[in-house]
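This report is meant to be read alongside the sequence and the coordinates.

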Amino acid sequence: MEGSLNLVGYGLAAIGPAIATGMIFAAYINGVARQPEARSVLQPIAFLGFAVAEALALFGLVLAFVL
Amino acid sequence: MRVTQLSQGEGFKPPSAADFDLPPFFGDNAFATKPILLVFLSVILISVFFIMASRKAAVVPSRMQFAGESVYSFIRNDLAKDLIGHEFLRFVPYLFTLFTFILVNNFFGIVPLLQFPTMSRVSFPYVLAAITFFVFHYVGIRKQGPVKYIREIMFMPGVPKAVYVLLTPIELATFFVVRPLTLSLRLFANMFAGHLLLLVFFLGGEHLLMGALGLKFVSPFAFGVGIALTFFEFMIQILQAYIFTLLTALYIAGAIADEH
């Protein structure tokens, strides 16, 4: 077995963004289910929020490789 | 090379980042590597497809025209029109090119014989994100003037003054560092991880097949999972092309919005 502790740390660090992304899309699905015509309003908000949350996971990935 | 290593009875060497460093085809010409040739191939494929699809345009579309038009209308209506608003038509060519280019290059990851997603080499997403970065800042500065554009970014209206201490650095970092960086890294990381995942299951299955008799019976399961993951990758590839284009459209929309 090879590997480094960095990757274990990255796995742990990815939990946060994973939960955040799940919650963002859960809220988006809820909103669209309750009011389907709000879809086009909610979609950009959901994806912007998703992009911000995933940014943290991506920084973690970069640091796992760089450090 | 890998196969011969395995057949000599060494331990399983898991695929790593080194598997993405493909040697040049001809001598040591650094520009004739597989990813670069795949990019040229993708440009040829996309051009040929859409020229063929639009050449004999008719009211009753042929099958090819229908396929081409449905991709175009998806980008034009569902992405650009809904997100950017009344000025959307200027940006449709860029968004459409971006989407088809990323999509075809991602598909190369699962096309038999090619099987290498171009975007798993980080330099290609960097360039695409840099173009998007310049496009959305350029249209924002053109629309609002440089001073007003930067002021809107740094000092978001309708916020208590004390909050600017925190908010201004975050907003500046978001617009000038985080956005282009995450845009490129998201695409790269997804393609990289997806390709690595497929390598793990197919090379692992191969290694099991070379192993002891008991292990041979397990290897079909590894190949089965690999094939299932190939379909999963197909979904991810479409999704990543879509997200890259969607975020580009969102950033452009934010830059040319009348009020932030």
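## Confidence in chain A

Within chain A of this predicted model, helix α2 (residues 15-34) of chain A has the highest confidence, at a mean of 95, whereas helix α3 (residues 39-66) of chain A has the lowest, at a mean of 84. Chain A as a whole averages a pLDDT of 87, and 94% of its residues score at least 70.

## Contact between the chains

Chain A meets chain B through 10 residues, which are in contact with 10 residues of chain B. On the side of chain A that touches chain B, the residues comprise 8 nonpolar, 1 polar and 1 charged.

## A helix pair in chain B

In chain B, the axes of helix α7 (residues 164-210) and helix α8 (residues 213-256) come within 8 Å of each other and cross at roughly 170°. Because an angle over 145 degrees counts as roughly antiparallel, α7(B) is described as roughly antiparallel to α8(B). The contact of α7(B) with α8(B) is made up, by class, of 18 nonpolar, 8 polar and 3 charged residues.

## The setting of B:G140

B:G140 lies in helix α5 (residues 123-144) of chain B, and B:G140 counts as buried because 23 C-beta neighbours fall inside 10 Å, the cut-off being 20 or more. When neighbours within four places in sequence are left aside, B:G140 is in contact with B:Y149, B:A255 and B:I256.

B:G204, by contrast, is 64 residues from B:G140 along the chain, and the C-alpha atoms of B:G140 and B:G204 are separated by 50 Å.

How values were computed: Residues numbered from 1 in each chain as written. Chains lettered and ligands numbered in written order. Predicted model: local features only at pLDDT ≥ 70, side-chain atom pairs only at ≥ 80, totals over all residues. pLDDT = per-residue confidence, 0-100. Helix = DSSP H or I, 4+ residues; strand = E, 2+ residues; numbered from the N terminus. Contact = placed C-beta atoms within 7 Å. Nonpolar A, V, L, I, M, F, W, Y, C, P; charged D, E, K, R; others polar. Axes fitted to C-alpha atoms, helices over the stretch in contact; angles between N-to-C directions. Parallel < 35°, antiparallel > 145°, perpendicular 65-115°, else oblique. Buried ≥ 20, exposed ≤ 12 C-beta atoms within 10 Å, placed from the backbone.
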